[in-house]
Amino acid sequence: MAKVLMKGNEAIGEAAIRAGCKNYFAYPITPQSEVAEYLVKRLPEEGGVFLQGESEVAVGYMIFGAAGAGERVMTTSSSPGISLMSEALSYIAAAQCPAVFVNIVRGGPGLGGILPSQGDYFQATKGGGHGDYHLLVMAPDGVQEAVEMTMLAFTLAEKYRGPVMIMGDGLIGQMMEPVEFPDDLKTEPTNKDDWATNGMDTRKSKKRNLVKSLFLDPAALNDNNLALKAKYEQMKKEEVRFELYNSDTDYQVLITSYGTMSRVCRTAIDMLKEEGIEVAMLRPKTLFPFPEKAVFDAAAKDSCKAVISIEMSMGQMVEDVERCVKGQRPVEFYGECGGDIPSPEKIIDIIKGLL
Amino acid sequence: MQTEIKFAGFGGQGILLSAKLLAYAAMKQGYFVAWVPSYGPEMRGGTAYCTVVISDKLIGSPIIKNPTHLVAMNLPSLEKFENDVKPGGIIFINSSLIPVTSKRTDVTQLVVPVNDIAIKAGSVRAANIVALSAFAAKSNLVDMDLLKECVKEEFAAKAKIIPLNMEAFDQGVKSALTA
């Protein structure tokens, strides 16, 4: 298919359709409302359902309902909306249902602002809701990757039977870039008759399926948590995704950055190279599972004097970076989070300060 | 080689569309492009601006403080952004609404009475197309026939207004060549 020029939000909507998502529930919030605007037109054409909930709390449980019935389902929201859905996210994780959540992050805390931010890293990777669970979290750096990751999210949600999150930001939602859609996702979940409440008449098995998150028997709850833990361990083995930039040089500084912020860093690295200063970047594409070993290895290079995590936050991913660098190099941080994205020139100043 | 163009005006002037059409044509010509709107708590009649990045390699930061060129559709836009333009760039001035020119001497100023031309072509609503074609003709960033096709394609669902926009396009090109 030829390239089309699309806004990130609209492209995410189209990607969901091409992944076979027939159920989309949402509540409007800037800067992601165009996903709903797009799908309210497109989904009925594909025989799907768009329903606007009365609040994000309700939307979270609509997702749980459809996911529990084994349907492909997605919601999109932005930071305060994701907070309201977080209770349902915990329930969906506990009940082991596949669902796709997209967070087009805006500035916080509180109502914050409507401009781009990465202030929801902790919320996305360390819980958000209560209890021992993780989301598989992917962070696109542009519209093309937002499309690819959204489609992949459905596959991974079904592979691990759990919620998957796309963590974008306001810029990725609002920006238009050329995008080439991958082939439609043809696969259907193979095992859903084993667990989903998809109706006795629709499946061969006569076993009654129960979708639940309440386990009053301590041994049963422990078993459920161990089952979740086993999935997260498998994700750490099979789903770590990252990109290295300018890493085949004798770089003096290693930047860790993701999403929109990583693009600014890439420009800064190119500009520094013209001055003869080599800097590399490690860009996690999956925030959970985190590229732990890759960060350790990249920081360990002899030429590397320091590691700096550059984020549109007050310092969140840097905690994971520190954990993975294991003290072998100093780990610094730079971030802004009012909605203004730091310029390449600013990044260059910060990097030079480390040399 | 990377070129950045800031389009600025007030909400409703259609600058987001002008910018999109330029990005679309550049994409069809094989360039990497990004269209980055300003999205704040804006309202109709308020300021609106948007940056198009056109590059022959993968675009890094799409956030541009100093664009190569500026298309200013009203006076506040000119005043706000004229000093950001890189030396050697083009500052396009809609003289129907901007009674002054820029104080910058290190740029090319292209002064076109966009609204007047659009009204003569049939409707002031085509002012954004006049500005687009005039700027594009002067800046040589994209193939003009391809750009014209993109404009036509954009209005495919509203066939009635295609002739108006084609006329606006042609008059815009003419104005750039005589300005």
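This is a predicted model: local features need pLDDT of at least 70, side-chain atom pairs count only at pLDDT 80 or more; totals for chains, interfaces and linings use all residues.
Start with chain A. Two domains divide it: domain 1 covers 4–238 and domain 2 covers 242–352. Their centres, taken over C-alpha atoms, are 28 Å apart. The contact draws 26 residues from domain 1 of chain A and 22 residues from domain 2 of chain A. On the domain 1 side, the elements giving two or more residues are helix H5 (121–125), strand S6 (136–138), strand S7 (163–169), helix H7 (170–174) and helix H8 (218–238) of chain A. H5(A) supplies the largest share of that side, 4 residues. By class, the side of domain 1 that touches domain 2 holds 15 nonpolar, 8 polar and 3 charged residues.

S2(A) pairs with two strands. With strand S3 (residues 49–52) of chain A, the pairing is parallel over 4 bridges. There, A:Ala26 has A:Gln52 of S3(A) as its bridge partner. With strand S4 (residues 73–77) of chain A, S2(A) also runs parallel, joined by 2 bridges. Here A:Asn23 stands opposite A:Val73. S2(A), helix H2 (residues 33–45) of chain A and S3(A) make a right-handed β-α-β unit.

Helix H6 of chain A spans residues 143–160. Its 18 residues reach 25 Å from first C-alpha to last, close to the 26 Å expected at 1.5 Å a residue. H6(A) is mostly covered, with 13 of its 18 residues buried. After the helix comes A:Arg161, whose phi is positive, near 45°.

Next, the contact between the chains. On the chain B side, 16 residues are in contact with 17 residues of chain A. Helix H1 (15–28) and strand S2 (32–37) of chain B are the elements that give two or more residues to this side. S2(B) gives the most, with 5 residues. The chain B side divides into 12 nonpolar, 2 polar and 2 charged residues.

Take S2(B) to begin with. Of its 6 residues, 5 are buried, so the strand is largely enclosed by the rest of the structure. S2(B) pairs with strand S3 (residues 47–55) of chain B in the antiparallel sense, over 6 bridges. B:Phe32 stands opposite B:Ser55 in S3(B).

Then H1(B). The helix has 14 residues and reaches 20 Å from its first C-alpha to its last, close to the 20 Å expected at 1.5 Å a residue. H1(B) is mostly covered: 12 of its 14 residues are buried. The buried residues include B:Leu21, B:Leu22, B:Tyr24 and B:Met27. B:Lys20 and B:Lys28 are also among them. Just after H1(B), B:Gly30 takes a positive phi of about 100°.

Most residues other than glycine have a negative phi, and most peptide bonds are trans. The bond from A:Gly108 to A:Pro109 is cis, with omega near 0°. A:Pro109 sits in the loop between strand S5 (99–105) and H5 of chain A. A cis peptide bond also joins A:Phe288 and A:Pro289, with omega about 0°. A:Pro289 belongs to the loop between strand S12 (286–288) and helix H10 (292–300) of chain A.

Positive phi values come next. A:Asn246 has a phi near 55°. This residue lies in the loop between S9 and S10 of chain A. A:Asn246 is partly exposed, because 17 other C-beta atoms lie within 10 Å. A:Lys326 has a positive phi of about 55°, although it is not a glycine. A:Lys326 is in the loop between helix H11 (317–325) and strand S14 (331–335) of chain A. With 13 C-beta neighbours inside 10 Å, A:Lys326 counts as partly exposed.

End with A:Asp248, in the loop between strand S9 (242–245) and strand S10 (253–256) of chain A. A:Asp248 has 9 other C-beta atoms within 10 Å, so this residue is exposed. The C-alpha atoms of A:Asp248 and A:Glu278 are separated by 9.9 Å, although the two are 30 residues apart along the chain.

How values were computed
Residues are numbered from 1 along each chain as its sequence is written. Chains are lettered from A and ligands numbered from 1 in the order in which they are written. Domain bounds come from an automatic or database domain assignment. Two residues are in contact if their C-beta atoms, placed from the backbone, lie within 7 Å. Ala, Val, Leu, Ile, Met, Phe, Trp, Tyr, Cys and Pro count as nonpolar, Asp, Glu, Lys and Arg as charged, and the others, Gly among them, as polar. The expected span of a helix is 1.5 Å times one less than its number of residues. A residue is buried if 20 or more other C-beta atoms lie within 10 Å of its own, exposed if 12 or fewer, and partly exposed in between; C-beta atoms are placed from the backbone. Two strands pair if DSSP finds at least two bridges between them. A crossover is right-handed if, with the strands pointing away from the viewer, the path from the first strand over the helix to the second runs clockwise.
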